[in-house]
Amino acid sequence: MYKVYGDYRSGNCYKVKLMLHLLGQPYQWEAVNVLRGESRSEAFLAKNPNGKIPVLELDDGTCLWESNAILNFLAEGSEFLPSDPRLRTQVLQWQFFEQYSHEPYIAVARYIKLYLGLPKERRAEYEAKQLDGYHALNVMEQQLRRTPYLVGEAYSIADVALYAYTHVAEEGGFSLEAYPAIREWLARVASHPRHVGMFD
Ligand SMILES: N[C@@H](CCC(=O)N[C@@H](CS)C(=O)NCC(=O)O)C(=O)O
């Protein structure tokens with residue numbers, strides 16, 4: 001059985017959990033508390049030398065890390081990863097966008113606010129995340145006004161990757177008020193029969 005090393009509050013870890021539920025795949029969850037330094041222990045670094053969660057451990061002991069890479073592994077051969085090269089590239093395009101243009105702003109602002117309680121010394125950094133975070137939401141809104149999912153008509157791991165932190169963007173201080181297409185998409189994703197919430 002797969003073993004997931006993660007934290008329920010982390011969007012990156014939630015991506016893996018959501019994917020496993022969408023696939024109906026059983027797994028064992030091992031809680032890792034990053035604030036207590038558990039992701040920097042020698043034992044954990046042997047699983048991911050980068051010291052970050054999530055990590056997916058396979059039956060043979062192989063450890064996979066980087067949330068979006070794990071999504072690609074899990075979704076291989078399923079309806080959530082198109083086989084057509086152009087569509088597959090668009091899935092990757094949104095996943096790279098998530099890691100470079102969305103997560104560093106929306107997830108990090110949320111981390112500073114929710115995990116750290118918005119300490120004074122990180123307030124300027126938190127404020128600076130807002131502009132780029134809203135830019136990422138604008139990019140998503142444009143696409144979702146055209147198509148029901150990020151890559152056309154079908155729910156894919158591009159949606160899993162971006163749902164994770166977008167659905168809790170308000171915890172990072174981002175209002176979704178001006179983004180009707182994003183709000184409809186969030187509801188569409190959450191209406192999948194095998195959907196699971198972050199804390200379910
Ligand atoms: N690019 C990585 C980011 C992983 C990441 O930043 N994980 C955070 C939790 S959300 C973490 O482990 N932080 C602990 C640390 O950096 O010490 C991914 O997508 O998996």
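Tutor: Start with a cut-off: buried means under 20% relative accessible area, exposed means over 50%, and partly exposed lies in between. Keep in mind that this is a predicted model.

Student: Why is Arg9 called partly exposed?

Tutor: Arg9 has a relative accessible area of 29%.

Student: What makes Arg9 and Asp7 a salt bridge?

Tutor: The closest N and O atoms of Arg9 and Asp7 are 3.8 Å apart. The rule asks for a side-chain nitrogen of Lys or Arg within 4 Å of a carboxyl oxygen of Asp or Glu. So the pair Arg9 and Asp7 qualifies.

Student: Is Asp7 buried or exposed?

Tutor: Asp7 is buried, because its relative accessibility is 11% and the cut-off is under 20%.

Student: What are the labels for Glu38 and Arg36?

Tutor: Glu38 is partly exposed, at 31%. Arg36 is exposed, at 64%, because that label needs over 50%. Glu38 and Arg36 form a salt bridge, with the closest N and O atoms 3.3 Å apart.

Student: What separates Arg145 and Glu141 along helix 5?

Tutor: Arg145 and Glu141 are four residues apart in helix 5 (residues 123-146), so about one helical turn separates them. Their side chains meet in a salt bridge at 2.8 Å, N to O. Arg145 is exposed, at 57% relative accessibility. Glu141 is buried, at 5%.

Student: How many salt bridges does the rule find?

Tutor: The count comes to 10 salt bridges.

Student: Now the domains. Where does the division of the chain fall?

Tutor: Domain 1 covers 2-75 and domain 2 covers 85-190. Their contact takes 17 residues from domain 1 and 17 residues from domain 2. The centres of the two domains, taken over C-alpha atoms, are separated by 21 Å.

Student: What area is buried between domain 1 and domain 2?

Tutor: The buried area is about 1400 Å². Carbon and sulfur atoms give 59% of that area.

Student: How many salt bridges cross the interface of domain 1 and domain 2?

Tutor: The rule finds one salt bridge across that interface. There are also nine residue pairs in polar contact across the interface, with both residues at pLDDT 80 or more.

Student: What gives the most to the side of domain 1 that touches domain 2?

Tutor: Helix 1 gives the most to that side, with seven residues. Helix 1 (11-23) and helix 3 (67-75) each supply at least two residues there. By class, this side of domain 1 has seven nonpolar, six polar and four charged residues.

Student: What makes Lys15 and Glu98 a salt bridge?

Tutor: The side chains of Lys15 and Glu98 meet at 3.0 Å, N to O. The limit is 4 Å. Therefore the pair Lys15 and Glu98 counts as a salt bridge.

Student: Why is the pair Glu98 and Lys15 also called a polar contact?

Tutor: The side chains of Glu98 and Lys15 are 3.0 Å apart. A polar contact needs N or O atoms within 3.5 Å, with one able to donate a hydrogen and the other to accept it.

Student: Where is Glu98, and what does Glu98 touch?

Tutor: Glu98 lies in helix 4 (residues 85-115). Beyond four places in sequence, the residues Glu98 touches include Asn12, Lys15, Asn68 and Tyr165. Glu98 is buried, because its relative accessibility is 0%.

Student: Why is helix 3 called largely enclosed?

Tutor: Seven of the nine residues of helix 3 are buried, so the rest of the structure largely encloses helix 3. Among the buried ones are Asn68, Ile70 and Leu74. What covers these buried residues includes strand 1 (2-6), helix 1, helix 4 and helix 6 (157-166).

Student: Which label does Phe73 take?

Tutor: Phe73 lies in helix 3. Phe73 is partly exposed, because its relative accessible area is 35%.

Key
Residues numbered from 1 in each chain as written. Predicted model: local features only at pLDDT ≥ 70, side-chain atom pairs only at ≥ 80, totals over all residues. Heavy atoms only, no water. Domains from an automatic or database assignment. Contact = heavy atoms within 4.5 Å. Buried area = accessible area lost by both parts, 1.4 Å probe. Nonpolar A, V, L, I, M, F, W, Y, C, P; charged D, E, K, R; others polar. Buried < 20%, exposed > 50% of the residue type's maximum accessible area, 1.4 Å probe, protein only.
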